[in-house]
Amino acid sequence: MAAIDCGTNSIRLLVADLPDPSAGPQAPLVDLARRMEIVRLGQGVDRTGRLAPEAIERTRVALAGYAAEIDKLGVDRVRMCATSASRDASNAADFRAMVEQTLGVAPEVVSGDEEARLSFTGAVRGLPADAEPPYLVVDIGGGSTEFVVGTRDGGVQAAISVDIGCVRMTERHLHGDPPTADEVAAAQADIAAAVDRALAAVPGREAATLVGLAGSVTTVVAIAQDLQEYDPERIHHARVPYERVAGVTADLLGRTAAQRLAIPVMHPGRADVIGAGALVLKVIMERAGMSSVVASEHDILDGIAWSQQPTHG
C-alpha cells in the first residue's frame, strides 16, 4: 500500500507492505520506499487564505513523481491525507482537482482530530521500553501542531490541533535575517499562548514521555547529536535533554538563513523556517515541564499506512 502525507511544508510518500495481522501488534511495516519533497504548499496561506498557484504546481510535480513510483511498485491501495494548508484555503477545490488528475485518487482533507490520531498510531508503535507511558505526542508541522495524549494499549485519550507551525510562525513573526530579539519574543508569546491552550485541553503535563514528530524535531535532534549527515536510524528514538534543545534553538535563531543552510543535516527547504520549528519544540517542553524529548521518524505517514490494515481498529 501507499501512504501520502501532504502538509503545509512538505509532501511525503511511504510505500510499504503491511504485516500479517497474526504477527501481533508490534510487528513493523516493511518499508519499500520513503520519499520527501519540500513544496511549501502553505506559502502565504496565513496571510491570503488561498493556496498560491505556484505552490499547487510544485506539489503537482512532486506528486507526479510519487505516482510513477507507486505505479512501478505495483501498489494495491493508496491513501492520501492533506492537512492544515489545504483544510483552510478558500481555493482548496483547485488543489483537490489537481490531486485527482495526477494521482487518480482524491485527497482526504483530514480533521485536526483525525490527524492527531494517525500521528499517534504511527509514533507509538515500536517505542523503546524506556519510553514510559502515558505519552504526549507532538507533531510540529508547517501550519499546525497536534498534541495527543495516550498509551499504546489504551490508544488516544485526548487530542487537539492548534495553528502554530514552522511556516506559519515564520511568516507571521520572524522577518529579519536573522530575526530580531523583538520578533523572537513575539513568536514565543504567540506560541506559548497556543501551547497553554492545548495543554488546557489535553493532559500533556501528566504525561511521562514527550515524543516529537516531523522535520523540525528530527532536524533539531540531528543538530543536537552533531551528525555530519542526516541519518534517520541515529535520530529515530534518540532522547535529547531540554538544555540541548534550548541551545540549538538559540543558535538557529541567531543565524542567517545562509548560515543555517550550511549546517550539514539541514534540508535546503527547511533552512528558512527551522528557527520557528525549534522554538515551538522548546516552548512546548517549557510549558509541559518536560526535561527531554524522544524523536520519532515514524509519524502520521506510518499512521496512514496502518489505517489501511483490514483489521485495524
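Reader: Which residue in E8 is the bridge partner of Thr151?

Author: In this predicted model, Thr151 has Gly155 of E8 as its bridge partner.

Reader: How many bridges join E7 to E8, and do they run parallel or antiparallel?

Author: Strand E7, residues 145–151, is joined to E8 by seven bridges, and the two run antiparallel.

Reader: What is the order of the strands in the sheet that holds them?

Author: The order is E8-E7-E6-E9-E11-E10, an open sheet of six strands with mixed pairing. From one strand to the next, the twist averages 25 degrees.

Reader: Which strands stand at the edges there?

Author: Those are E8 (155–162) and E10 (239–241). Each has a single partner strand, so one side of each lacks a neighbour in the sheet.

Reader: Which strands does H12 lie across?

Author: Helix H12 lies across E6 (135–140), E7, E9 (209–213), E10 and E11, and runs at about 160 degrees to E6. Helix H10, residues 242–254, lies across E10 and E11 (292–296), at about 75 degrees to E10.

Reader: At what angle do H8 and H12 pack?

Author: Helix H8 (residues 215–224) and helix H12 (residues 274–288) pack at about 90 degrees, with their axes 9 Å apart. The two helices are therefore roughly perpendicular to each other.

Reader: Which residues make that contact?

Author: H8 contributes Ser216, Val217, Thr219 and Val220, while H12 contributes Ile274, Gly277, Ala278 and Leu281. By class, five residues in the contact of H8 with H12 are nonpolar, three are polar and none is charged.

Reader: Changing topic, what is the order of the strands in the open sheet of five?

Author: That sheet has the order E3-E2-E1-E4-E5, and its pairing is mixed. Strands E3 (30–38) and E5 (108–109) are at its edges, each pairing on one side only.

Reader: How many bridges join E1 to E2?

Author: Five bridges join E1 (residues 2–6) to E2 (residues 10–17), and these strands run antiparallel. Within this pair, Ala3 stands opposite Leu14 of E2.

Reader: Which helix packs on that sheet?

Author: Helix H2, residues 53–72, packs on the sheet and touches E1, E2, E3 and E4 (78–82). The direction of H2 makes about 10 degrees with that of E2.

Reader: One more topic: where does the charged end of Arg125 sit?

Author: The charged end of Arg125 sits over the ring of Trp306, 3.7 Å from the centre of that ring.

Reader: And how many aromatic pairs are there?

Author: The count is zero aromatic pairs, taking ring centres within 6.5 Å as the cut-off.

Notes
Residues are numbered from 1 along each chain as its sequence is written. This is a predicted model: local features need pLDDT of at least 70, side-chain atom pairs count only at pLDDT 80 or more; totals for chains, interfaces and linings use all residues. Side-chain values use heavy atoms; hydrogens and water are left out. Axes are lines fitted to C-alpha atoms, for helices over the stretch in contact, and angles run from 0 to 180 degrees between N-to-C directions. Helices (H or I, at least four residues) and strands (E, at least two) are DSSP runs, numbered from the N terminus. Angles under 35 degrees count as roughly parallel, over 145 as roughly antiparallel, 65 to 115 as roughly perpendicular and the rest as oblique. Contact means heavy atoms within 4.5 Å. Ala, Val, Leu, Ile, Met, Phe, Trp, Tyr, Cys and Pro count as nonpolar, Asp, Glu, Lys and Arg as charged, and the others, Gly among them, as polar. Two strands pair if DSSP finds at least two bridges between them. Rings of Phe, Tyr and Trp (its six-membered ring) pair if their centres lie within 6.5 Å; planes under 30 degrees apart count as stacked, over 60 as edge-to-face and the rest as tilted. A charge sits over a ring if NZ of Lys or CZ of Arg is within 6 Å of the ring centre and within 35 degrees of the ring normal.
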